[in-house]
Structure formats: structure tokens, C-alpha cells
Amino acid sequence: MKEKNQLMTKIYGFDCLSIFLLFLISIFNLIFMIYPENVGLALGIVGWVLLLFVLFRTFSPKKEKRWDENLRFLDKVAPSRDEKEDLPMIEDKKNFKYFDCPECNLRIRVPKGKGRIEITCPKCDAKFIKKT
């Protein structure tokens with residue numbers, strides 16, 4: 001059992017790119033089932049190659065390279081998304097509330113349960129009132 005747990009810590013696993021590729025593979029295989037000649041055959045072969053690529057990425061021990069690939073994919077799909085800003089919000093959700101400054105759009109963390117408070121933006125000194 002200990003060897004199995006060590007194996008799972010060495011592999012990269014699934015991420016957004018892998019899930020997207022699996023969805024794409026499903027579409028290609030569906031087209032292959034409907035049109036088994038010509039275009040369907042080509043998409044079926046591409047689907048199998050993509051499946052091998054997903055398996056390679058999933059069981060790869062090079063976590064940094066796979067992480068970079070996933071970040072590049074996310075930048076192309078949703079360029080406005082900043083994953084580094086979202087991580088602290090997920091961890092501190094119980095104890096803090098997050099508000100965006102109406103002037104400069106800076107995300108400000110405020111402790112929960114303080115009632116209606118006046119928040120001063122540390123960047124632009126704008127003041128606004130919110131309920132925590």
C-alpha cells in the first residue's frame with residue numbers, strides 16, 4: 001500500500017488541459033462513429049494520438065513542465081484570469097471577505113463578521129462602505 005501512495009505522489013495527474021483534451025477526444029470519437037470513412041477515420045486516429053498524449057501528461061513525473069503547459073493553455077483560453085490571485089481567496093474564504101476597489105479594481109481582503117465598515121484602498125486611498 002505504501003508503494004502505491006508513493007507512485008501517486010510522483011505523477012502529475014489531471015488538470016484543465018487534460019480535461020479539455022478528453023472532451024475533444026470524445027467529440028472526435030463521436031464523429032468517427034458517425035462517419036467511419038475518410039474524415040471520421042482521420043479524426044479517430046487524431047483522437048487516439050491525443051489520448052496517448054493525455055496519458056503521458058497524467059503519468060508524467062515532470063510536474064513543473066506540465067504545470068507550465070496548463071498555465072499557457074489557461075492564458076489562451078481565459079487571458080483575464082489570474083490563477084495566482086484566486087488561490088488565497090479559496091484558502092481564506094471562511095475568515096475573510098474580498099472586495100474590489102471601485103476606483104482602481106484592487107482586490108482588498110477584509111475580516112468577516114465586522115458589520116458595515118468603511119474600507120480604505122491602500123493603493124488609491126478611495127473609501128467605500130461594505131458589509132462583511
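User: Which residue forms a salt bridge with Arg57?

Analyst: Glu69 does, with the closest N and O atoms 2.8 Å apart. A salt bridge here is a side-chain nitrogen of Lys or Arg within 4 Å of a carboxyl oxygen of Asp or Glu. Arg57 lies in helix H3 and Glu69 in helix H4, 12 residues apart, so the pair links distant parts of the chain. Helices (H or I, at least four residues) and strands (E, at least two) are DSSP runs, numbered from the N terminus.

User: Before going on, what kind of model is this?

Analyst: This is a predicted model, in which local features need pLDDT of at least 70 and side-chain atom pairs count only at pLDDT 80 or more, while totals for chains, interfaces and linings use all residues. Residues are numbered from 1 along each chain as its sequence is written, and side-chain values use heavy atoms, with hydrogens and water left out.

User: Are Arg57 and Glu69 buried or exposed?

Analyst: Both Arg57 and Glu69 are buried. Buried means under 20% relative accessible area, exposed over 50%, and partly exposed in between (1.4 Å probe, protein chains only). The areas come from the Shrake-Rupley method with a 1.4 Å probe, and for residues only the protein chains shown count as cover.

User: What else does Glu69 meet in a salt bridge?

Analyst: Its side chain also meets that of Arg66, at 3.1 Å from N to O. Arg66 and Glu69 are separated by about one helical turn, because they are three residues apart in helix H4. Arg66 is buried, as is Glu69. A network of salt bridges links Asp15, Arg57, Arg66 and Glu69.

User: How many salt bridges does the structure hold?

Analyst: There are four. One of them joins Arg107 to Asp100, with the closest N and O atoms 3.6 Å apart. Arg107 is partly exposed at 32% relative accessibility, and Asp100 is partly exposed at 43%.

User: Back to H3. Which of its residues are buried?

Analyst: In H3, the buried residues are Gly40, Leu43, Gly44, Gly47, Leu50, Val54, Arg57 and Thr58. They line one face of the helix, because seen down the axis of H3 they fall within an arc of 135 degrees; the arc is that of the directions from the helix axis to the C-beta atoms. These buried residues pack against H2 and helix H4, contact meaning heavy atoms within 4.5 Å.

User: And what does the face turned away from the buried side carry?

Analyst: That face of H3 carries the exposed residues Ile45, Trp48, Val49 and Leu52.

User: Which residues make the nonpolar surface patch?

Analyst: Leu30, Phe32, Met33, Ile34, Tyr35, Leu41, Ile45 and Val49 make a patch of about 840 Å². Helix H2 (16-34) and helix H3 (39-58) each give two or more residues to this patch, and H2 supplies the largest share, four residues. Patches are made of residues with over 30% relative accessible area and no salt bridge: like charges are joined within 9 Å, nonpolar side chains (Val, Leu, Ile, Met, Phe, Trp, Tyr) within 5 Å.

User: Changing topic, where is Asn105?

Analyst: Asn105 is in the loop between strand S1 (96-100) and strand S2 (107-111). Asn105 has a positive phi of about 60 degrees although it is not a glycine, and it is exposed, with a relative accessible area of 59%.

User: And Asp125, where does it lie?

Analyst: Asp125 lies in the loop between strand S3 (116-120) and strand S4 (127-131). Its phi is positive, about 60 degrees, although Asp125 is not a glycine.
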